[in-house]
Amino acid sequence: MKFVELSDSEREVMEVLWEKKEPMSFAELLSYFDTCTEKNWKKQTLNTFLFRMQQKGLLEVIQEGTYRHYVPSMTREEYRLEESKAFLDRNYEGSIIKMLTAFNGGEALEKDELHELQKLLGDWEKEWN
């Protein structure tokens, strides 16, 4: 599946669903955004977000009679992993080395940072063997 970037509003909806960890109805979502945030979204606004997110494959809908319940199609961790991969591909030609070099400004790592990085690389190498 191709990575789909979330808009700020879509991310807010996903964060609520990820935190709840169970399907939520339209009414529950609308109530949450009315009472717990300063969004004051109209029904049509939330409905538009939910529809677009379904079209993008970000949400699954569970139909129970006349009620629809919404659940994320991926976990927060799965989304973050895909988001990170897309960031790396888009900005650094998929190269973690180019990314680390850019983040560090081309300067040498501190000794403790170098040791942490070596440990991480060692752990990754163990996973491959």
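This is a predicted model: local features need pLDDT of at least 70, side-chain atom pairs count only at pLDDT 80 or more; totals for chains, interfaces and linings use all residues.
Let's start with helix 1, which spans residues 8–20. Two packed helices are described by the angle between their axes and the distance between the axes. For helix 1 and helix 3 (residues 43–55), the axes come within 10 Å and cross at roughly 85 degrees. On the helix 1 side, the contact is made by Ser9, Glu10, Val13 and Met14, and helix 3 answers with Leu46, Phe49, Leu50, Arg52 and Met53. Sort the residues of this contact by class and you get six nonpolar, one polar and two charged.

Helix 1 also packs against helix 4, this time at an angle of about 140 degrees, with the axes 10 Å apart. Angles over 145 degrees would count as roughly antiparallel, so at about 140 degrees helix 1 is oblique to helix 4. Here Arg11, Glu15, Trp18 and Glu19 of helix 1 meet Arg76, Tyr79 and Glu83 of helix 4. The class make-up of this contact is five charged residues, two nonpolar and no polar.

Now follow helix 4, residues 76–92, to Tyr92. A pair of aromatic rings is described by the distance of the centres and the angle of the planes. The whole structure holds eight aromatic pairs, and one of them joins Tyr92 to Phe103, with 6.1 Å from centre to centre and 80 degrees between the planes, an edge-to-face arrangement. Tyr92 sits in helix 4 and Phe103 in helix 5, so this pair ties together parts that are eleven residues apart in sequence.

Phe103 brings us to the largest pocket, as Phe103 is among its lining residues. That pocket has a volume of about 300 Å³. Which elements give two or more residues to its lining? They are helix 5 (96–103) and helix 6 (111–128). Helix 5 supplies the largest share, five residues. Besides Phe103, the lining includes Ile96, Ile97 and Leu100, along with Asn104, Glu107, Leu117, Leu121 and Trp124. By class, the lining divides into nine nonpolar residues, two polar and one charged.

Technical notes. Residues are numbered from 1 along each chain as its sequence is written. Side-chain values use heavy atoms; hydrogens and water are left out. Axes are lines fitted to C-alpha atoms, for helices over the stretch in contact, and angles run from 0 to 180 degrees between N-to-C directions. Helices (H or I, at least four residues) and strands (E, at least two) are DSSP runs, numbered from the N terminus. Contact means heavy atoms within 4.5 Å. Ala, Val, Leu, Ile, Met, Phe, Trp, Tyr, Cys and Pro count as nonpolar, Asp, Glu, Lys and Arg as charged, and the others, Gly among them, as polar. On a 1 Å grid over the protein atoms alone, a cavity is a set of points where a 1.4 Å probe fits but cannot get out, and a pocket is an open set with protein on both sides within 12 Å along at least five of seven lines; lining residues have an atom within 4 Å of a point. Grid points are joined across faces, edges and corners, and a volume is the space filled by probe spheres set on the points. Rings of Phe, Tyr and Trp (its six-membered ring) pair if their centres lie within 6.5 Å; planes under 30 degrees apart count as stacked, over 60 as edge-to-face and the rest as tilted. Angles under 35 degrees count as roughly parallel, over 145 as roughly antiparallel, 65 to 115 as roughly perpendicular and the rest as oblique.
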